[in-house]
Amino acid sequence: MRADRLVATLLFLQERGRVTVPEVAAELEVSERTARRDLEALAASGIPVYSQRGRGGGWSLVGGARTNLTGLTADEIRALFLVTGPLTATPELRTTLRKLVRALPSTLRAEAEAATRAKVVDATDWSRNAVTADAAHRSALQGAVVDGIRVRLGYAGVGKPPGERVVDPLGLVAKAGVDYLVAGTDKGLRTFRLSRVVSVEPTGEPVVRPPGFDLATAWRALAGAFQDGIYAVTARARVHPDTLALLQRLLGGRVRVGGPLPDGWTEVWVDGPAPKALAAHLSGLGAGVEVLEPPEVRQWLARIGAELTAMYAGDAPPRQ
C-alpha cells in the first residue's frame, strides 16, 4: 500500500538524513520511478522534504526535521523490545520493529536495539521438543480470530489420531509458554492446544460468537474447570527427607508440605486428577513416600506394586 511506503520512506529519511532515489528504491524494494514519486508526494503533502541535484546531492528533511510516530516513553520502548526479542518475532513483526526503530529519536534508538538482543526465547523443552505451534498454523488462526472466519481444524488429541472438526475461533491464550485456541464447537466452548493443530482451513463462513463473549472471562472458566480436574483427588502422605525435594520437583504446586513428623519424615498433601493417576505418579518414588489416605490411592499403589513385582522380580538388584 502506498501509505505504508510513504511512512517507510519518511522513516528512512529520518534514519539516513540524506538519501538518493536508488537507495530508497533498494530499501523498499520498489522501482526507482516509484521511489521518486513517493519522495515527491511527501514534499507535496507539506512535509519539509527537498531535493538537491549534483554530486553529493539527494533528498533530505529541511533542517534535519523529524516526526515522532510513536509517542512512546523510554520505559515503554524498552518493555516493547524486550517482549519481542529477535528469536520470537515473526517476519512481519521484525519488519514492524525495524520501522519503529527508525521512528525513534536517536537517543532512544540504541537502547531499543540493545533490548532486542537482551532476551532469548528457546521454544523447545528439555526433551528437545517444540512447545510452540507451527508458525503457519498460528498465523492462520490469528487471522481467523481477527477476521471472524470459521475454520475446519485438523487436531490430534492426546493418544488419538488426527481428526477434523469445524470450529469458531474466538481467541488465543498463552499460558506458561503454551498457546491455546479458545473456540466455539457444537459441544460449547473448548480449548485446543496449538502444538497439536495439524491443519487450518478457512471455510469462508462467519464466526458465531456467544452473546456477551469475553475472552478473559471465558478462559478463566475453561481453565478453572481443567484445574478442578487436576485437583480432583487429594492424598495425605508421609515423605522421607531424601525424597521430599524430588517429589516437589516432579509435581510442583500439586504438593503441599506440612510439618515434620516424630520419625523425621514430613507430612504432605498431594493432588491428582484420579486415584489411579495419582498412584502412578507416586509409585516411582518407591518406599520414599507412604500414602496414608484415601484408601483408593493405597489400593492402586498396591496393585501397581504387585504388577511390577510380577514383571521384574527376577531382575531385582541386590540390596545395598
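This report walks through salt bridges in a predicted model.

## Ground rules

Local features here need pLDDT of at least 70 and side-chain atom pairs count only at pLDDT 80 or more, while totals for chains, interfaces and linings use all residues. Residues are numbered from 1 along each chain as its sequence is written, and side-chain values use heavy atoms, with hydrogens and water left out.

## The overall count

Searching the whole structure turns up ten salt bridges (a side-chain nitrogen of Lys or Arg within 4 Å of a carboxyl oxygen of Asp or Glu). Helices (H or I, at least four residues) and strands (E, at least two) are DSSP runs, numbered from the N terminus.

## A buried pair and its network

Take Arg150 and Asp168: their closest N and O atoms sit 2.6 Å apart. Arg150 is in strand β4 (residues 149–155) and Asp168 in strand β5 (residues 163–175), so this pair links distant parts of the chain, 18 residues apart. Both Arg150 and Asp168 are buried (under 20% relative accessible area; exposed is over 50%, partly exposed in between, with a 1.4 Å probe and protein chains only). Glu205 joins Arg150 and Asp168 in a network of salt bridges.

Asp263 and Arg238 pair up at 2.2 Å, N to O. Asp263 is partly exposed at 44%, whereas Arg238, at 17%, counts as buried.

Arg303 bridges to Glu307 at 3.4 Å. Both lie in helix α11 (residues 295–312), four residues apart, or about one turn of the helix. Arg303 is partly exposed at 48% relative accessibility, and Glu307 is partly exposed at 46%.
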